[in-house]
Amino acid sequence: MSKITSIEGRLLYNSRGSKTIEIDIISDNKFLGRVCAPSGASVGKYEAVSFPNGNPEESLRILKEYSQKFIGLEASDLKSIHDTLRSLDDSSNYSNIGGALAFSVTIASMESASRALNQPLYQTLSSRSSFTCPFPLGNILGGGAHAGPGTPDIQEILICAIGSKTIREAVETNLSVHKELRNVLEKEDPNFTNGRGDEGGWAPKLNNEKALEVSAIAIENLGFTLGKEVSLGVDFASSTQWDEKKQKYLYERAGFENSPDKQIEFAAKIIEKYKLVYAEDAVHEEAFEDMAELTKKFPKTMVTGDDLTVTNKNILKKAIESKSCNASILKVNQAGSLYDALEFAEVANKNNIKLITSHRSGESVDSHIAHIGLATQSKMLKVGIVGGERVAKLNELLRLSEHGLICGMAEI
Ligand code: 2PG
Ligand code: MG
């Protein structure tokens with residue numbers, strides 16, 4: 001048991017070079033919890049806003065003004081920390097204090113408590129006695145909101161080494177495919193600059209179909225069978241293409257438009273042809289029925305909601321009722337506080353919705369999400385493959401895998 005003795009914030013920068021905040025919480029004058037908030041580029045309509053009016057300084061000002069409210073609270077009492085934040089902001093999306101503040105304060109407090117308890121964070125977050133390791137899901141090719149003109153409209157082509165028996169094997173396989181894809185891209189285009197998107201995936205000038213083709217070739221060049229040892233996944237991030245007025249998906253880079261029905265066909269063809277193990281936001285964030293069609297058609301694929309479910313337990317309940325997905329992304333900063341996100345995880349786990357704990361495209365070098373993925377029984381950890389801020393999470397998973405508490409890989 002340790003009580004919060006100090007709470008302070010500072011202005012820092014994320015991997016995209018944008019301003020963000022970091023919070024230090026100390027309990028019993030010596031146990032430090034430190035958390036730096038990430039942020040997204042393709043942001044769901046209903047997710048928590050990062051900062052009040054986009055202003056990180058305002059979140060810091062609010063924290064300074066009300067810091068005394070946190071002093072003396074039990075650092076491990078997540079509910080009290082959450083309730084204190086809620087006493088400052090009872091809006092649906094943390095628009096008064098900023099979701100980044102709720103994110104950082106709640107995780108920092110639990111980290112400080114973990115230090116006091118002399119145990120890793122994931123153990124403080126879960127009462128389970130054994131854990132399985134989530135499979136890393138990594139971005140090998142980026143487009144959409146994460147890369148520039150000429151790249152695919154599809155936001156992310158991902159890989160998951162589903163045949164791996166250990167986390168090290170899974171990490172190394174992802175790294176080898178990412179490397180091989182560079183060779184394939186250089187053959188395809190001798191002028192390829194090796195440019196990468198926000199999450200470290202290659203960002204070539206290719207259309208959607210070609211980008212998927214080269215990704216499959218990279219996997220096969222290494223002797224793997226697509227869908228066996230290594231599978232492809234796609235984050236369509238379809239809300240970025242959705243035009244509310246036209247009621248159409250606009251694929252501006254590729255030069256075509258999809259009606260809602262055509263979009264379902266478009267996604268279904270990709271899922272079938274590339275044997276996707278994972279398909280995220282294949283339709284826009286409010287198309288619950290269209291998602292349900294895909295979920296019904298592809299029971300073996302993780303038909304995943306991200307912008308659809310925004311780590312919001314009430315929206316997830318709606319998705320469960322309408323059978324709109326069989327898997328869901330968990331991003332703590334979409335929910336706001338860690339308390340909110342753990343409640344969401346509980347609803348998902350009770351209803352057999354597979355969880356994927358995820359990074360944001362604008363990240364810090366923190367690695368708390370490796371612990372959150374373990375504690376929430378996530379099947380996958382979506383964290384990228386290269387780039388210091390991505391590798392930090394994978395390295396933490398490797399460190400944690402040395403603990404006897406973690407037995408084998410999750411079942412997907
Ligand atoms: C996503 C994420 C992470 P962003 O859409 O799933 O890959 O991107 O953080 O930009 O929302
Ligand atoms: Mg997404």
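Predicted model: local features only at pLDDT ≥ 70, side-chain atom pairs only at ≥ 80, totals over all residues.

**Notes on the ligand sites**

1. The shell around ligand 1 is made up, by class, of eight charged, six polar and one nonpolar residue.

2. Which residues come nearest to ligand 1? Of the 15 residues around this ligand, the nearest are A41, S42, E156, E199 and S361.

3. From the backbone, an N or O atom of A41 lies 2.6 Å from an oxygen atom of the ligand. From side chains, an N or O atom of D235 is 3.0 Å from a ligand oxygen, and a polar atom of K331 is placed at 3.2 Å from one. Taken on its own, ligand 1 has 310 Å² of accessible area, and the protein covers 100% of it.

4. The magnesium ion (ligand 2) is coordinated by D235 (OD), E280 (OE) and D306 (OD), at 2.0 to 2.2 Å. The sequence spacing of these donor residues is D-x44-E-x25-D. Distant parts of the chain are linked by the pair D235 and D306, which are 71 residues apart. D235 belongs to strand β7 (residues 231-235), whereas D306 sits in the loop between β12 (302-305) and α9 (313-321).

5. Are D235 and D306 buried or exposed? Both residues are buried.

6. S42, one of the residues that come nearest to ligand 1, is located in the loop between β3 (31-36) and α1 (56-66). Its relative accessible area is 9%, which is under the 20% limit, and S42 is therefore classed as buried. The side chain of S42 also makes a polar contact with the side chain of Q155, at 3.0 Å.

7. A further loop residue is R360, found between β14 (354-358) and α12 (368-375). Why is R360 classed as buried? The reason is that its relative accessible area is 2%, and buried means under 20%. R360 and D261 are 99 residues apart in sequence, and their C-alpha atoms are 30 Å apart in space.

Note on methods:
Residues numbered from 1 in each chain as written. Chains lettered and ligands numbered in written order. Heavy atoms only, no water. Near = heavy atom within 4 Å. Polar contact = N/O pair within 3.5 Å; in protein donor to acceptor, adjacent residues only side chain to side chain. Areas by Shrake-Rupley, 256 points an atom, 1.4 Å probe, with all protein chains shown as cover. Nonpolar A, V, L, I, M, F, W, Y, C, P; charged D, E, K, R; others polar. Donors = N, O, S within 2.8 Å, 3.2 Å for Na, K, Ca; no water. Helix = DSSP H or I, 4+ residues; strand = E, 2+ residues; numbered from the N terminus. Buried < 20%, exposed > 50% of the residue type's maximum accessible area, 1.4 Å probe, protein only.
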